[in-house]
Amino acid sequence: MSFLEIQIKSNFALVTIKRPEALNALNDVVITEIGAMVDELESNSSVRGFILTGEGKAFVAGADIAKMKEFNVREGQAFSELGQTVFRKMELSGLISIAAINGFCLGGGMELAMACDIRYAVASAKLGLPEVTLGLLPGFGGSQRLPRLIGVGRATELILSGDMISAEEGYRLGLINKVTDPAELLNESEKTITTILSRGPNAIKAAKTAIRQGLETNMEGGLEWEKQLFGGRFADEETKEGLSAFLEKRKPNFKG
């Protein structure tokens, strides 16, 4: 039985985590399936992105606590490594990803959402990294991604308190890109991913690489990445088409 439903829509996929009886909690099977989903979509030349959401009243309400209760040190480290590896794969993928947060987004769920490029949420969504309330800390990259997204001070407060915040507060902090009504969540997500995927596909990948690499180095290193990637675009027919279309006042015909 798969916990993921994948629907191909034009040049992107809608991926739904379907474990509603457990509020879509992450265990090793679900995480492994997410990694396999990324591999599957990357191998499909017609697909260039995906929207990730959850079934029921949660996006993902955390990791599987009942299973974690039995972990020893080695098993805990292995579970952390699995989540980190899969979420990093998502983050570095050439696929554009949008987390459509339809409800509770806590612990591993928030770490999963932060590994996506963009995050939209319904107004009633609750966000947080409550691991310290269980005697734990974030294990799937949350301690590293949240400070990069919203700044060290506020991230430290949220991680150390374990407090939940609203979608509106997440938007104010820069964690959430847009807050929507439930009926509009997927429509807004699809509208955005369609817009992004209408742009030059190789340019999108290069821009995503520049952003990610810049976050992981100093300003000089980031600028060097930008220079190399920017210059490299001029060897690509896609760039020639984009520039010609602009000068000729027509819509570009990007081949992908």
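## Basis of the model

Two strands count as paired if DSSP finds at least two bridges between them. Helices (H or I, at least four residues) and strands (E, at least two) are DSSP runs, numbered from the N terminus. The model is predicted: local features need pLDDT of at least 70, side-chain atom pairs count only at pLDDT 80 or more, and totals for chains, interfaces and linings use all residues. Residues are numbered from 1 along each chain as its sequence is written, and side-chain values use heavy atoms, with hydrogens and water left out.

## Open sheet

An open sheet is formed by 4 strands in the order E4-E6-E8-E9, with mixed pairing. Strand E4 (58-60) and strand E9 (164-166) are at the edges with a single partner strand each, so one side of each has no neighbour in the sheet. From one strand to the next, the twist averages 25°.

Strand E8 (residues 126-128) and E9 run antiparallel and are joined by 3 bridges. Leu-127 has Ile-165 in E9 as its bridge partner.

In strand E5 (residues 96-101), 6 of the 6 residues are buried (under 20% relative accessible area; exposed is over 50%, partly exposed in between; 1.4 Å probe, protein chains only). Ile-96, Ile-98 and Ala-100 point one way from E5, while Ser-97, Ala-99 and Ile-101 point the other way.

Strand E3 (residues 49-54) runs parallel to E5 and is joined to it by 4 bridges; here Leu-52 has Ala-99 as its bridge partner in E5. Strand E7 (residues 118-122) also pairs with E5 in the parallel sense, over 4 bridges, and Ile-101 stands opposite Ala-121 in E7.

## Nonpolar core

A nonpolar core is a set of buried Ala, Val, Leu, Ile, Met, Phe, Trp, Tyr and Cys residues joined through side-chain atoms within 4.5 Å. The largest one has 61 residues, and those touching the most other members are Ile-34, Phe-50, Phe-59, Ile-101, Leu-112, Leu-127 and Leu-146. Helix H1 (residues 28-42) gives the most to this core, with 6 residues.

Leaving aside residues up to four places away in sequence, Leu-146 touches (heavy atoms within 4.5 Å) several residues, among them Met-110, Leu-129, Leu-158 and Leu-175.

## Helix H11

Glu-238, Thr-239, Glu-241 and Ala-245 are the buried residues of helix H11 (residues 237-247). They fall within an arc of 160° seen down the axis (taken from the directions from the helix axis to the C-beta atoms), so they line one face of H11. These buried residues pack against helix H9 (201-215). The face turned away from the buried side carries the exposed residues Glu-237 and Leu-247.

How values were computed:
Axes fitted to C-alpha atoms, helices over the stretch in contact; angles between N-to-C directions.
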